[in-house]
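Work through the exercises below with the structure open. Try each task before reading its solution.

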Amino acid sequence: MEVTASVDTETQKNIWGGGTSPLKASYGKIMMWFFLLSDAFTFSGLLITYGFLRYSYPAYTGPADAFRTSQDYWPIPEKIFDAVPFLHGVHLPLLFVGLMTFILILSSVTMVLAVEAGQRMDRNDVTKWMLWTIVGGLAFLGCQAWEWSHFIAGTEEGMVLSNGVIVNGANLQINEYGPPLFASLFFFITGFHGTHVASGVLLNVIIFYNVVVGTYDKRGHYEMVEKVGLYWHFVDLVWVFVFTFFYLI
Amino acid sequence: MEQVVAVEVKPVNKKKVKKLWKIALILGIITAIEFVMAFTLPRGSLLYAGFIGLTLVKAFYIVSEFMHLKYEVKALIWSILLPIIFVIWLIVALLAEGGSIFKALY
């Protein structure tokens, strides 16, 4: 009698008694997922604010070739972001942003390859791919720094206001590309994303260091690489949306 | 003396790695298509719908394959995806609000 009773408690384990993991993922991974969900809300807030303000401003209605920047209407992004380093004065719309998108996608791929290597306990491969991911992240940040400085410095012609004052470049008060809010949104959205990339690079460097000194070999698994990988892919995901809603539309 | 950890390194999963590069290629091609669309098609809601559709395709690949969400249990997938409904509501609400402000001002 007593034997069967003890067997029963073992097989019919109480679901609320602990020790079960219905999501079949580790605590750290689940927490990273929910952090990313909350972060997705923050980015949605920023991007929806962009849509909201854009809808409350007049759109440019004339032919695209005759586009001139003005405070009276929202600019066409591809007419604003048309510069590429070392090619001064050449009109190459969105090319540089496209390049930045490719860099980030590639660094995302090297990150999954690092995760794949981690699952095989291959320290050399993880080291190699983590290093490439860090290089990609730094390259993206460098591009963004150039993009910002170009946006702040502005074009040579600038914008002539109705009272004859010439405005060059953009900051949080004045903006030669359109309504001042356009520049504020540019700084906030790409800046918030850039901050995420920067902290992602920092996390990657910490993980890279731990991989090199063999922390995860001692621990027996490379799950930290997967968790930081989730964050890194999320940064790539956000950029995909920023690229569409800020630069394309 | 430093403790030596014996680790068994498994060989590269060639099939998996090939698949990952294939997805990267798809993402790159979609970005290139968006880029071409921006300069060849007239601006309007149809073009914007195309951009949003392609963006969602890219997002699907990144989340399902790179972030591995497709291979998690259903409960986890839904607990991440369902809250996004709030975002959709916010988009609808604020775009309508922005339109009303435009009407009131201009």
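**Exercise 1. A salt bridge within one helix**

Task: How far apart are the closest N and O atoms of Lys227(A) and Glu223(A), and where do the two residues lie?

Solution. Note that this is a predicted model.
- Step 1. Lys227(A) and Glu223(A) form a salt bridge, with 3.4 Å between the closest N and O atoms. The cut-off is 4 Å, so the pair qualifies.
- Step 2. Both residues sit in helix α8 of chain A, four residues apart, which means a separation of about one helical turn.
- Step 3. Is Lys227(A) buried or exposed? Its relative accessible area is 18%. Buried means under 20%, so Lys227(A) is buried.

**Exercise 2. The helix itself**

Task: Check the span of helix α8 of chain A, then describe its course and its surroundings.

Solution. 
- Step 1. The helix covers residues 223-248, which is 26 residues.
- Step 2. Where does α8(A) bend? The bend is at Val242(A), by about 25°.
- Step 3. Of the 26 residues of α8(A), 22 are buried, so the rest of the structure largely encloses this helix.

**Exercise 3. A salt bridge between helices**

Task: Which parts of chain A does the pair Glu226(A) and Lys29(A) tie together?

Solution. 
- Step 1. Glu226(A) and Lys29(A) form a salt bridge, the closest N and O atoms being 2.8 Å apart.
- Step 2. Glu226(A) belongs to helix α8 of chain A and Lys29(A) to helix α2 of chain A, so the bridge ties together parts 197 residues apart in sequence.
- Step 3. Both Glu226(A) and Lys29(A) are buried.

**Exercise 4. The interface**

Solution. 
- Step 1. Trp33(A), Ile48(A) and Arg120(A) supply 14% of the area that chain A buries against chain B, more than any other three residues.
- Step 2. Contacts join 51 residues of chain A and 53 residues of chain B.
- Step 3. How many salt bridges are there between chain A and chain B? The count is one. Arg43(B) pairs with Glu78(A) in a salt bridge, at 2.9 Å between the closest N and O atoms.
- Step 4. Arg120(A) also has a partner within chain A: it forms a salt bridge with Asp125(A), at 3.0 Å between the closest N and O atoms. Both residues belong to a salt-bridge network that also links Glu116(A) and Asp122(A).

Notes: Residues numbered from 1 in each chain as written. Chains lettered and ligands numbered in written order. Predicted model: local features only at pLDDT ≥ 70, side-chain atom pairs only at ≥ 80, totals over all residues. Heavy atoms only, no water. Expected span 1.5 Å × (residues − 1). Bend = angle between axes of the 7 residues up to and from the residue. Buried < 20%, exposed > 50% of the residue type's maximum accessible area, 1.4 Å probe, protein only. Contact = heavy atoms within 4.5 Å. Buried area = accessible area lost by both parts, 1.4 Å probe. Salt bridge = Lys/Arg side-chain N within 4 Å of Asp/Glu carboxyl O.
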